[in-house]
Amino acid sequence: MVTKRASEDRGQTLKFWLDSRHSFSFGGYADPEQMGFRSLRVINEDWIRPDAGFGMHPHRDMEILTVVLEGTLEHKDSLGSTGLIRAGEVQRMTAGTGIVHSESNPSSSDAVHMLQIWLFPDRGGLDPSYEQRGFGADAPGLQLLASRDGREGSLSLNQDADLYRGTWESGEGTEFVLAPGRAAWVQVLSGVVVVNGTRLEQGDGAAVEGEDVSLRAEDATQVLLFDLGPFRPEAD
């Protein structure tokens, strides 16, 4: 079964410095029917104008992934971690028992386009930590970005979830086999892709349950593919 979440149905936070689109309930956008999918709690697509950003603010008990699509994001946190996240790079931050951080656009001319993703961890009380890695943004096919065991050079997640980036030209695609009990979420970063017969465009997402995932690009296309294990809320 494929359940589409259309781009135009997402929530929105619009400020003079920020345009943020929310696939699931977040901040001032509240929808009890859109509280996430399995361990996946937040997918925010953000555009941050030059010389602006999120000031220091706290998080706890969440796995946070930041995927920069265009521009450069500056990160600072209470662990003493600082750095720039550029297009093609991915950051993982384990908020754990508590972390305070800021995210800003250091450019005076170019906007930042990024996705921020939150997943529930598989247990509470984790030590806060930070990890960042560069990946070839245009590498063809499926590329593993994050996983529980950090295999294939991916970032390590404290959750039974794998995150892939898929990149295809028109007419290309793949068949992704889901193990029993698992489900997928597909989020379109650019282009057009057909997922099990359902057409998705930029900003659209879809949950796939009870069947494997067939992806066929109708244009130069890039997606995020989440392979999610069974979710056990009592572990949050």
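Is Thr-66 buried or exposed?

1. **Basis.** This is a predicted model, where local features need pLDDT of at least 70, side-chain atom pairs count only at pLDDT 80 or more, and totals for chains, interfaces and linings use all residues. Residues are numbered from 1 along each chain as its sequence is written, and side-chain values use heavy atoms, with hydrogens and water left out.

2. **Thr-66.** This residue counts as buried, because its relative accessibility is 0% (buried is under 20% relative accessible area, exposed over 50%, partly exposed in between, with a 1.4 Å probe and protein chains only). Thr-66 lies in strand 6 (strands are DSSP runs of E, at least two residues, numbered from the N terminus). Its side chain makes a polar contact of 3.3 Å with the side chain of Gln-116. A polar contact is a pair of N or O atoms within 3.5 Å; within protein, one must be able to donate a hydrogen and the other to accept it, and residues adjacent in sequence count only if both atoms are side-chain atoms.

3. **Strand 6 and its partner.** Strand 6 (63-70) pairs with strand 9 (89-94) in the antiparallel sense, over 5 bridges. Two strands pair if DSSP finds at least two bridges between them. Glu-63 has Thr-94 of strand 9 as its bridge partner.

4. An open sheet of 7 strands runs in the order 2-3-4-11-6-9-12, with antiparallel pairing. Strand 2 (11-14) and strand 12 (129-134) each have a single partner strand, so one side of each lacks a neighbour in the sheet.

5. **The largest pocket.** It holds about 200 Å³ of space. Of its 14 lining residues, Leu-18, Phe-26, Asn-44, Asp-46 and Phe-54 are the closest to its centre. Strand 3 (18-22), strand 4 (40-48), strand 5 (52-59) and strand 11 (112-119) each give two or more residues to the lining. A pocket is an open set of points on a 1 Å grid over the protein atoms alone, where a 1.4 Å probe fits, with protein on both sides within 12 Å along at least five of seven lines; lining residues have an atom within 4 Å of a point. Volume is the space filled by probe spheres set on the points, which are joined across faces, edges and corners.

6. **Strands 18, 19 and 21.** Strand 18 (192-195) runs antiparallel to strand 19 (198-201), joined by 4 bridges. Strand 18 also runs antiparallel to strand 21 (213-217), with 3 bridges. Val-195 has Thr-198 as bridge partner in strand 19 and Leu-215 in strand 21. The hairpin of strands 18 and 19 has 2 residues between the strands, and Asn-196 takes a positive phi near 50° there.
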